[in-house]
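Work through the exercises below with the sequence and the model at hand. Each task is followed by a solution in steps.

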Amino acid sequence: MNKLRFAVLLAICCALALSGAACDSETATTTTVVTAAPGPAAGEGSSPGWTDLAPTGDVPEPRAGQAMVYDSKTGKVLLFGGTDSKSFFDDTWEYDAATNTWTELQPTGSVPPERCAASMVYDSASGKAILYGGTSTEAFLTDTWEYDRETNTWVELRPGGALPSERVGQNMVYDSAHGMVILFGGRDQDSFLNDTWAYDSAQNTWALLETAGETPTERYGHAMVYDEASGKVFVSGGWDSRVFLSSTWVFDPTAKSWASLDTIGDVPQPRAGHRMVYDSRSGNLLLFGGNTRDSFLGDLRSYEPDTNTWTLVKPAGATPPARNGHSMVYDSTNNTALVFGGWNEVEYLNDTWSWNGEG
């Protein structure tokens, strides 16, 4: 592949490196601040706050655009791929909170091609991780893979029938109520997308959903999370090639309908490359990081679905540096949100942080 094409793919992957100098953005409001107590040192106490875990032993190389999920069966975190601007990765790692260590798993057999800006979810019904899409050194991808921790193997699933177009910057969640993966948005080589797809692992098929209601506008680099309490999917922000977005949308998988939410409170400023998780302890959604027109962000915000309210959480003590393209998952065993890696325009990161406060 020629150097120009590689540079284009890398720029797309890391915009994650969205340059907002020529971009407009939606407006947002800010009202209140919640201040948390100082975070504890790793392994000490239970005061809410951020902790730089500084894992011992080997850690994944600095990177952004990696895919990461929490495996509720093993109680560990699985990471795949990413980029450090020089190359793309195809390595598979596991983080164990009990020992505060990362381990490179080195799966047997075939592994997915190196990539970044892919999507991965944990399928609790099968106990396996599902990986889709992203971009490699050669092209945008439309392949679907499954990882089995028990056998430490990847398998390319090769679904039959219709497939989502090859794309990057999409987002996926696992809908445990219906036992399916839901995918929304991203961009292919020609345009930005706002289609909604469902993957059925039992049938090994993708299906384009005919959705009701107003559909979110095309976007890339948005955050997306499944709310276990309501059984609905929430989408925040993103970039549509012209503006950064601050809107919050909800998708009802049962009705197959989208709705725009007129949220109140500390609405996140327009951004992309951020991450969002469901906090099972509080029932709220937690959002961290991203980038906007001219800056990288390190704010932590909480969204309460019952009141449709965003709150800015301002912890005392150390906080993760601003970043985008990071990974964020919720460890339901330890009731902590875990953040790894990302990019801050100066360097690629490989730090591991935990948030142990309620959202």
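**Exercise 1: salt bridges**

Asp148 and Lys128 form a salt bridge through their side chains, with N and O 3.9 Å apart; a salt bridge here is a side-chain nitrogen of Lys or Arg within 4 Å of a carboxyl oxygen of Asp or Glu. The model is predicted: local features need pLDDT of at least 70, side-chain atom pairs count only at pLDDT 80 or more, and totals for chains, interfaces and linings use all residues. Residues are numbered from 1 along each chain as its sequence is written, and side-chain values use heavy atoms, with hydrogens and water left out.

Solution. 
Step 1. Strands (E, at least two residues) are DSSP runs, numbered from the N terminus.
Step 2. Asp148 is buried at 16% relative accessible area, while Lys128 is partly exposed at 23%. Buried means under 20% relative accessible area, exposed over 50%, and partly exposed in between (1.4 Å probe, protein chains only).
Step 3. Between Lys76 and Asp96 the closest N and O atoms are 3.8 Å apart.
Step 4. Lys76 is partly exposed at 25%, and Asp96 is buried at 17%.
Step 5. Lys76 and Asp96 are linked with Glu94 and Arg149 in a network of salt bridges. The structure holds 15 salt bridges.

**Exercise 2: a salt bridge between loops**

Task: where do Arg63 and Asp91 lie, and is each buried or exposed?

Solution. 
Step 1. The side chains of Arg63 and Asp91 meet in a salt bridge of 2.8 Å, N to O.
Step 2. Arg63 is in the loop between E3 and E4, and Asp91 is in the loop between E5 and strand E6 (92-96), 28 residues apart.
Step 3. Arg63 is buried, with a relative accessible area of 0%; Asp91 is buried as well, at 10%.

**Exercise 3: a hairpin**

Task: how many residues separate E18 and E19?

Solution. 
Step 1. Strand E18 (residues 243-252) and strand E19 (residues 257-261) run antiparallel and are joined by five bridges.
Step 2. Thr248 has Leu261 in E19 as its bridge partner.
Step 3. The hairpin has four residues between its strands, and Lys256 in the turn has a positive phi of about 50 degrees.

Notes
Pairing = 2+ DSSP bridges.
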